[in-house]
Amino acid sequence: MKPDMFKKPVRILVGLGFPTEVRSVMDAYRHLVEWPISLRDGPQSVALKACRAALRGDIEAETARGLFAAFAEKHDLLAPETDLVMATHARWSRKPHVS
């Protein structure tokens, strides 16, 4: 595994709510750099600095992942886990329909 790869991707929503997986420090860095200037804040700045440090090898990729995930959570970007969505759908589809 490359040193900047995350052990587990961070699933975020992009564009019109489409899920994508951020699999590495470089992926996270790209998302943070492209974040609109008017929306940049402390969590974005901290996550961006962490990604830069991880790319230099100063900190572990998983540390940057945690800070990126915190940024994504703060901005409601985290996508639901696919297994959770499928389980919820299966549960609702088994319920008897009331007429």
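**Notebook: contacts, strands and helices**

I began with S24 and found that S24 touches D4, M5 and F6, leaving aside residues up to four places away in sequence. I note at the outset that the model is predicted. I then located S24 in the secondary structure: S24 belongs to strand 2, which covers residues 18-24. Next I checked accessibility. The relative accessible area of S24 is 7%, and S24 therefore counts as buried, the cut-off being under 20%.

**Overall composition**

Read from the N terminus, their order is β-β-α-α-α-α.

How do strand 1 and strand 2 pair, and over how many bridges? I found that strand 1, residues 5-14, pairs with strand 2 in the antiparallel sense, over 6 bridges. As one entry from this pairing, I noted that L13 has P19 of strand 2 as its bridge partner. I then inspected the connection. The two strands form a hairpin with 3 residues between them, and G15 in the turn has a positive phi of about 60°.

I turned to P9, which is placed in strand 1. P9 touches E21, V22, R23 and R65, again without residues up to four places away in sequence. I also took the C-alpha to C-alpha distance from P9 to T20: the two are 9.2 Å apart in space and 11 residues apart in sequence.

**Helix 1 against helix 2**

I looked up the packing of helix 1 (residues 25-33) on helix 2 and recorded an angle of about 145°, with the axes 9 Å apart. The crossing of these two helices is left-handed. From helix 1, the contact is made by V25, M26, A28, Y29, L32 and V33. From helix 2, the contributors are Q44, A47, L48, C51, R52, A54 and L55. Sorted by class, this contact comprises 11 nonpolar, 1 polar and 1 charged residues.

**Helix 2 against helix 3**

At what angle do helix 2 and helix 3 pack, and how far apart are their axes? I found that helix 2 (residues 42-56) and helix 3 (residues 61-74) pack at about 160°, with their axes 9 Å apart. Helix 2 is therefore roughly antiparallel to helix 3, since angles over 145 degrees count as such. Helix 2 passes helix 3 in a left-handed crossing. On the helix 2 side I listed P43, Q44, V46, A47, A50, C51 and A54 as the residues in contact. On the helix 3 side I listed A61, A64, L67, F68, F71 and K74. By class, the contact of helix 2 with helix 3 has 11 nonpolar residues, 1 polar and 1 charged.

My last entry concerns D76, which I placed in the loop between helix 3 and helix 4 (82-94). Is D76 buried or exposed? I recorded a relative accessible area of 66%, so D76 is exposed, the cut-off being over 50%. I also checked the backbone. D76 has a positive phi of about 55°, although D76 is not a glycine. I marked this value because most residues other than glycine have a negative phi.

Terms used. Residues are numbered from 1 along each chain as its sequence is written. This is a predicted model: local features need pLDDT of at least 70, side-chain atom pairs count only at pLDDT 80 or more; totals for chains, interfaces and linings use all residues. Side-chain values use heavy atoms; hydrogens and water are left out. Helices (H or I, at least four residues) and strands (E, at least two) are DSSP runs, numbered from the N terminus. Buried means under 20% relative accessible area, exposed over 50%, partly exposed in between (1.4 Å probe, protein chains only). Contact means heavy atoms within 4.5 Å. Two strands pair if DSSP finds at least two bridges between them. Axes are lines fitted to C-alpha atoms, for helices over the stretch in contact, and angles run from 0 to 180 degrees between N-to-C directions. Angles under 35 degrees count as roughly parallel, over 145 as roughly antiparallel, 65 to 115 as roughly perpendicular and the rest as oblique. A crossing is left-handed if the near helix is turned anticlockwise from the far one by less than a right angle, and right-handed if clockwise. Ala, Val, Leu, Ile, Met, Phe, Trp, Tyr, Cys and Pro count as nonpolar, Asp, Glu, Lys and Arg as charged, and the others, Gly among them, as polar.
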